[in-house]
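Dear colleague,

Please find the structure below, followed by a summary of what was found in it. I would be grateful if you could read the two together.

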Amino acid sequence: MTENTVTLHIDGTPYQMPEGMNLVDAARIYAGIEIPIFCYHPKMEPVGMCRMCLVDIGFEARDRATGEPVLNPDGTPQVRWGRKLETGCTTRVTAGMHIRTKTQAVTKARKDILEFLLSSHPLDCPICDKGGECPLQDLTMRHGPGTSRMAFDEKKRLGKHLPLGDLIVLDCERCIQCARCIRFQAEVVGDDVLAFHERARSLQIISISDPPFDTYFGGNTADVCPVGALTTVDFRFGARPWEMENIPSISPHGPVGENIALGVRLDRDSGGVKRVKRVLPRQNEEVNEIWISDKTRFGHHFTLSPDRLQTPLLRKRGELVEASWSDAIKAAAKAVKEAGNRVGIIAGPMMTNEDLYMLRGLAGHVGSRKLGVWPPNLGDPDPVAEVGIAAGSRLTALGKGDAVLVIASDLEEEAPIWFLQAKQAADRGAHLVVANMRTTKLDRYAGHVIAYDFNEGVDVLNGLTAAAISHRWTNRSALERVNGYDELTAALKGTRQPYKEAAEAMAKARNLVVFVGDDGLDPEGHTALLRAAANFLIITGHAGQLNNGLVPVWPGANTQGAFDLGFSSENTRAMLKNPPEVLILAGAPAAADPAYAALLDRVETVISLTMFHNAAAGADAPTTAVVLPIQSFAERDGTFTSAMRRVQRFYTAHGPAGQSLPAWEAVGLIGERLGMPRPPRSSALVMQALTEEVRLYSEMTYPALARVAEQFPPIGASPDFYGGATRSAAGGTGIAWPSRAEGRGKLTVKAVRAPEGVKPGPGELVISPVRRLYDRTPEFYTATLMHGRIPEPFAAVNTADASRLGIANGDSVVVHVAGAAVHVTAVVDSYAPEGVVLLPLYLSSEPMPLVPLAGTVEKITEPVPAD
Amino acid sequence: MAEHILLRDLDIPDIRRFEVYTRHGGYEALRKVVTTMTPDDVINEVKKSNLRGRGGAGFPTGVKWSFIPRQEPIKYVVVNADESEPGTFKDRQILEGNPHQLIEGALIAAYAIQATAIYIYCRGEFWDLTHALDRHIEDARQAGFVGENILDSGWSCEVHTHLGAGAYICGEESALLNSLQGLLGQPRVRPPFPAQKGGGLYYEATVVNNVETLTNVPWIINNGADAYLQIGTPESPGPKIYCLSGHINRPGNYELPLGITFRELIYEHGGGIPDDRKLKAILPSGASGPVLPATDAVLDTPLTYEAVAKIGSTLGSASIILIDETVNMAWAGSKMTQFFAHESCGKCTPCREGTYWSRRRYDTLLAGRAAEKDIDILSDVAGQMTGLTLCALGEFAVNPVVWTIKHFRQDYLEYIQQAAAEEKPAARGKGKAARDAAAR
Ligand SMILES: Cc1cc2nc3c(=O)[nH]c(=O)nc-3n(C[C@H](O)[C@H](O)[C@H](O)COP(=O)(O)O)c2cc1C
Ligand code: SF4
Ligand code: SF4
Ligand code: FES
């Protein structure tokens, strides 16, 4: 879109509008004039199908000979009106354009189209999920005819409960054939899962994929559907829209920090308490736009799951038994006090900033610095603080002339919204480079796919940097503020540069965003890869610029917050060598890794703050002495910091599970027993204290985080739901803290090399963990509706390795690694690189290491022993 | 006309064969343009001939070609052989009897716009013709008229055929392009038009022409635009294949100049109406154009784009269906509405819903359950579609309703009066048609 502003008249009034903008959007935003729509969606290409947006369009007449405007006697320009009405949604703002939206023809056309749509519509609004937030209802009230002349018994009768896959149900009678659902899946996501079948009045939505509706984004179709034709099995017939309160919240799943709204209502089936009935996206153009992944949408059931721990537990006579909070806190405080500075903390991915702040306060009080992050495989995050994507950047701004690099990450599995945004950036013309040791779905959209061998990601980045240096694709003025450039140049001398074209495209791109994951990396490798990415961003002059920078694909919703507050993965690993006396597991499923399961046995006492009392959280460790039930994100206020360093606030949606407390409060109670000041009374006050102590967060008070940045186009805020059921940004759009590169100071580049990596012995393979979106962690598995989508435990084995080992696709195998035995099904596929077995995490409850290690894969000939 | 220009198979039975075609001057026009004319020369000659598209709209062919941006590296010619209009069967005879002339015409068009490939989109039922066409194309390729470096000119052009799957809408050019690309056969939003980058086949600039249109082209090149302008009228020059069907003694294709009158065509060439019954109505362009009552004024109207437009209809593809006095025109309207309700692609609301609703109204009418207000509803529904649809099919669909009501309201009232008289509608229908309808 050009930023050129032109004059366009609507109903006689002149307005200034950006040239080339979609007329429907421009009229709404710049003139406050509603052009009603059904099929148009501001995030998709217009198709002109529903014909609801018909307007009268004219142009100022010009004299053929002179080119001068032809004037009316009163001096106003003469307008030549079109022969027919035109669809506003397929019209772009042009200078000298005149629009009429109030003529009789337009009014009649709207009424006529609505009458047509209603002639086939079942009008079962009283039992329709969309009733109350339905564009068809709203526009009928505003523009429609009062009665229908279509005889009811002549309406087309169609299927009303047609499952499109296991999550979405189609009501064919309600469908108005706008194709928004098809277009969302095909255009926005790139999953060809839906299509029209048949034609004329028999035109019908079907799923064309196997398994049906196979996508991570399907729930969004129910939002954009302008009627109640698509419903999710989660919400279907669950509540009426107006009965629910929409509580602003943040997804607890993954690093994106999707802005969501939790629709809560008192619920009879849950014993009359408030519960989440549905999760909707909340618009935030700098984060998730108006989309959320199905994991975020459906993975909310853990918040009031009966599996949640309801009361504190205390070990008495060798058994963990229910206890009162005061006894449990007393026991925990006693253990901490006795350990003194030999207290270690491992904080999990859903710990909020408030929780982490109180945990670090407790550690500080006893003089401990053992603040660990779970998972333990992550490298040094400092490059993120230095060159992380600039605050206020939008992936939606990337297009022609820009570039995106995704390295060592399967974005679709690890951060689905970023997958979608990287794909759309490529669609808009951005140069996408995908580098990994394995194939990922994003490869389809890439201009360059760089397939490297295990552990060679750092070499790839070094090669790109070396190419940029030797071809002078560096940025002169940027180099003036760089330390270590000469050393880097020297160190990279002679580095192979096999990906010159990709290097050039990225180096010369106007904007460059680099996603760095931890696929196949141990902590040293991850540290090196982050650093190597930073080097490239710095020398090419991208660091510190808006819409540029590094995005780490962290595993957790608040991994970045933990780093910001001084927790680290390195500290976690250090505990293996030097076990603390008391280990506090704060929402960290540490026993899911055999090395840490062993650690639990090596410490004196484990205090576990957890939502779920399970083996991963230390339930089976004899050293676990106190277990404290903590609240989920839906039961309390708090903040998460996304991997783009955006601190975002979520609000209490419903009451607590059992006697659970927010983790910060539980920690505060322990601290109080140890003589610390009384803990703050509210989450807001904890954050207040945090802002005073942590400089990066000095702005992040609750009132500031509640501020709403203007959204464009304002989809969620629209009263007639023209972009779907998405909620407005109300509740706050959060604040990102700026990277150092955004300041004026010096930046440092530093040569790094790939670490040793794993050296498998004879007969061994590398066993490399990978993350899958859908797994069997209790935070997700409690969503029973998703069970059919979660893969059975498997390991991907390369075709060549498999044939060497005599393993066929579908064989039961056991993977032996680091003392663990993991029973899985072999998936033989060239998608795994040769010599590397990809072992998805958390698909079974068997512990497995979180870092790549050498191991073996063996076919099981005996039946698997029942456990 | 002494000799046929288009249906040359009537003069030379074996002309479909490559050797016979070439023996009778075939591919000389192509040789002429490729070796002696620039692409612009070709476009100008066709422009000058004022050849108008025979697919229905009558758009000047040379002008259409001149819209193609020259500098685009990839351009296509698409031949519309979907021939699905009720009562149209002329393209079929060309494909069957004189295919090389079509191939030659398409190649000349391709040369004129410097296209890289030609796609011939044939209606699904033409599978046998299409396989034969593939062999004819192969023959032309063997002789160096198709493929790489045609006649050593440095210009290369492939010719492909493609079979549709039985949808009227795929004759509409943008739906045809979608179908050719393997997408759902639904029309596209325009602009961009097929001739523009972004609007054509695979989103490249594309000329879409009807079979008959292109079959005219070799003759124009061989004989010159001036000779062509001698045939027909200045505004509608050239020969036209008229498809006569319905109540006519000698149904079939007639290649005659544009500008002869309905009367000449029907009574001299077609042999008049069977049993000398009275001609009641004429559909000059299949189901798509407005029906005309068979008045003397109509019968004396020349068959040209402009004259037929003046009397309130369209010449379209000149698929002329004749209807005699035994037919109730409300029944005829219902038949055509059924056709459109079946063939609407469903993409846009007014056509999808309007055709369905109209069909249901006709069902009521023919079942003797309608009142006079239902005629008004039918008119209203048609009015609600007019001007609001995405493509022309929706506009076509309105015609049978509006014009049968306008010219033959009495036929509608008959059904209603029958109902009012509480007689069994089947007992007194005018002819078989009404009885059939009532029996349903
Ligand atoms: C509903 C519909 C059906 C059509 N069917 C045909 C067809 O079967 N054959 C054809 O040549 N043109 C058909 N047309 C016209 C084409 O869209 C297009 O105008 C034509 O192929 C252009 O060729 P011409 O310029 O040579 O006439 C149809 C148009 C519409 C709206
Ligand atoms: S299901 Fe909904 S979104 Fe999809 S075509 Fe029908 S009305 Fe549109
Ligand atoms: S007018 Fe009919 S055929 Fe044309 S796009 Fe609309 S629904 Fe399809
Ligand atoms: S046609 Fe414009 S909104 Fe549907």
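Strand E4 (205–210) of chain B gives the largest share of the shell around ligand 1, namely 3 residues; helices (H or I, at least four residues) and strands (E, at least two) are DSSP runs, numbered from the N terminus. The model is predicted: local features need pLDDT of at least 70 and side-chain atom pairs count only at pLDDT 80 or more, whereas totals for chains, interfaces and linings use all residues. Residues are numbered from 1 along each chain as its sequence is written, while chains are lettered from A and ligands numbered from 1 in the order in which they are written.

Besides E4, H16 of chain B also supplies at least two residues of the shell around ligand 1. Of the 23 residues around this ligand, Gly53(B), Gly55(B), Gly171(B), Asn210(B) and Thr213(B) come nearest; a residue is near a molecule if its C-beta atom, placed from the backbone, lies within 6 Å of it. The shell comprises 8 nonpolar, 9 polar and 6 charged residues, where Ala, Val, Leu, Ile, Met, Phe, Trp, Tyr, Cys and Pro count as nonpolar, Asp, Glu, Lys and Arg as charged, and the others, Gly among them, as polar. Domain 1 (8–229) and domain 3 (329–439) of chain B each contribute at least three residues to the shell around ligand 1; domain bounds come from an automatic or database domain assignment.

Around ligand 3 there are 15 residues, of which Cys345(B), Cys348(B), Cys351(B), Cys391(B) and Gly394(B) come nearest. Helix H14 (349–366) and helix H16 (392–420) of chain B each provide at least two residues of this shell, and by class it has 8 nonpolar, 5 polar and 2 charged residues. Ligand 3 lies between domain 1 and domain 3 of chain B, because both give residues to its shell.

The contact between the chains takes 25 residues from chain B and 27 residues from chain A (two residues are in contact if their C-beta atoms, placed from the backbone, lie within 7 Å). On the side of chain B that touches chain A, helix H13 (329–343), H14 and helix H15 (372–385) each supply at least two residues. H14(B) accounts for the largest share of that side, 9 residues. The residues of the side of chain B that touches chain A are 12 nonpolar, 8 polar and 5 charged.

In chain A, 58 Å separate the centres of domain 1 and domain 5, taken over C-alpha atoms.

With kind regards
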